[in-house]
Amino acid sequence: MSLEPPHQTARTRLSVSAALVGAGIFLSKIAGLVRITLFSSVYGLSDAADAFQQALRVPNFLQNLLGEGVLSASLIPEYSALMVTDRARADRMARAVLGVIAFITAIVVVIGITATPYFVPIIAGGYTGEKLELTMALVRIMFPGIGLLVLAAWCLAILNSHHRFFLSYAAPICWNLAIIAVLWVYRHDELSRLAVRLAWATVAGAALQLAIQAPAVWRLMSSHWTDAASDIAGPVRRVLISTLPVIFTRGVVQISGYIDSAIATWLGPGAVAGLSSAQQLSLLPVSLFGMAVSSASLPTMSTAVAANLPDALRTRLAIGQETIAALVVPSVVAFLALGDVMIAMLLEHGQFTHHNTLYVWAILAGASVGLLATTIGRLYVSTFYALGDTKTPTRIATFRVLLVGGLGYALALPVPRLLGLPLEDGCAGLTISAGISGWIEFLLLRRFLHARIGHVGSTARVIGRAWIAATIAAAIATGLRWVVPPHLLIVRGVVILGTFGGAYLIGAQWLGILDATMLLRRVIRRKG
């Protein structure tokens, strides 16, 4: 019997589940950082880098549109609720949804390959000649991988519903490793030819990402695999109906990213690659902390809603947003104060120069503006999905896209010209506009959620204490800039960022906003 208070027990259980999600994401992101580092050292901020990064947005867009986020939001609540009463029926329903999604994805892949010459010039309006031709060739190669990634996303939804978090979020390591292997073996190739090889590597990586999850899903569902498909029309219909607004929500969010990258194609060579590098770094805390907490919370919140336990729902939500705040605030401070150290350690090798580091740092600083709002916003959206409300996030996301488009254009093109700034500085304006829009979306989500379930509680105390601990940690770490020689990029990054992280954990533990020792004991006990 646990001797911990109920609120503390719920907090610890969420922390353990989130830690398992975070561990899987962390390992996949480490592989992603290795990929980014190697890619930057080979390509720098070249035209070929722009072409590959812009082409990669297409499968990422469609995979997010049809895959992980959509299936998590629509399938997990229905599947988790059915498992409580009828496990066989839940499995039959999930298999039926898989068939529908696979069919739709196959059609999208065929249409996408055929229509590539028509839509790529729209999303890469600033590209011409060989750069545009290379982008179209890469997009066409990458399209088959989308279907494989969507199937992998279905596996993720099943595993998460069974609280098997680690494997599903560690699976993208395979995708990164496929690209890393090709980059390393063919790193001396001509850049355009290497980009084609990398495009094929993304398809191979998607196949590996599916293959590593499929056996675990088979073991979970094999006992009901041959049952007759009866009495599942209602649940399947509910999943598919809820999928449509989720697809629209994910679509408009992804469109905001496309708006940014489309504008960046007009900001000179290297702008798209620089924006992509900064966005990938800024999304690390969103993925590690926001996705970890949201993914760990969604099955439990769905069960609480199904059991009509509003207090349990509010408790889980309050704990989740406090956990996110305690982890994301130091990320914001690190990006602002130590972003150049981080970027230099990861990217400043080969063709990636110190000037490129400062350029990406400015973009990353702009992205940090809305980092906390965007991360907690993910948890709010998951709460709406647990409640069966997919329309409210859709309406708010639509408004955000319109805001991002208008602000992004203004801060990226007219404003820099008025201020006499170089054209490429408009990339920082793009990320700042996204941050401002993220805060407005957060406030709207919070308002409508409180109207639906009641007041959840403020995170102001946790945020304030986190800022104090992170600011002190940044001051300590900044002092080491004059101790570690600047040419030792990796050593400098490890020492300075490691000092910052250690100092923050000590301060956060002392201020009572994180209990790292209890979390570590629980994770070790769980895995043991």
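The legends below describe close-up views of a predicted model.

**View 1. The salt bridge between D311 and R314 in helix α12**. Across the whole structure a search finds seven salt bridges, and this view shows the one that D311 forms with R314, in which the closest N and O atoms are 2.4 Å apart. Both residues belong to helix α12, which covers residues 310-347, and because they are three residues apart in that helix, about one helical turn separates them. D311 counts as exposed, with a relative accessibility of 51%, whereas R314 is partly exposed, its relative accessible area being 24%.

**View 2. The salt bridge between R452 and D389**. Here the side chains of R452 and D389 meet with a distance of 3.4 Å from N to O. The pair links distant parts of the chain, since R452 sits in helix α17 (residues 426-453) while D389 is found in the loop between α14 (371-386) and α15 (391-412), and the two are 63 residues apart. R452 is partly exposed at a relative accessible area of 43%, but D389, at 14% relative accessibility, counts as buried because the limit for that class is under 20%.

**View 3. The salt bridge between E441 and R400**. In this view E441 forms a salt bridge with R400, and the closest N and O atoms of the pair are 2.9 Å apart. Because E441 lies in helix α17 and R400 in helix α15, the pair ties together parts of the chain that are 41 residues apart in sequence. Both E441 and R400 are buried.

**View 4. Helix α15 and its buried residues**. Helix α15 consists of 22 residues and reaches 31 Å from its first C-alpha to its last, which is close to the 32 Å expected at 1.5 Å a residue.

**View 5. The surroundings of Y186**. Y186 is placed in the loop between α8 (172-185) and α9 (191-221), and it is partly exposed, with a relative accessible area of 33%. When residues up to four places away in sequence are not counted, Y186 touches L194 and R197. Although Y186 and R197 are 11 residues apart along the chain, a distance of 8.4 Å separates their C-alpha atoms.

Conventions:
Residues numbered from 1 in each chain as written. Predicted model: local features only at pLDDT ≥ 70, side-chain atom pairs only at ≥ 80, totals over all residues. Heavy atoms only, no water. Salt bridge = Lys/Arg side-chain N within 4 Å of Asp/Glu carboxyl O. Helix = DSSP H or I, 4+ residues; strand = E, 2+ residues; numbered from the N terminus. Buried < 20%, exposed > 50% of the residue type's maximum accessible area, 1.4 Å probe, protein only. Expected span 1.5 Å × (residues − 1). Contact = heavy atoms within 4.5 Å.
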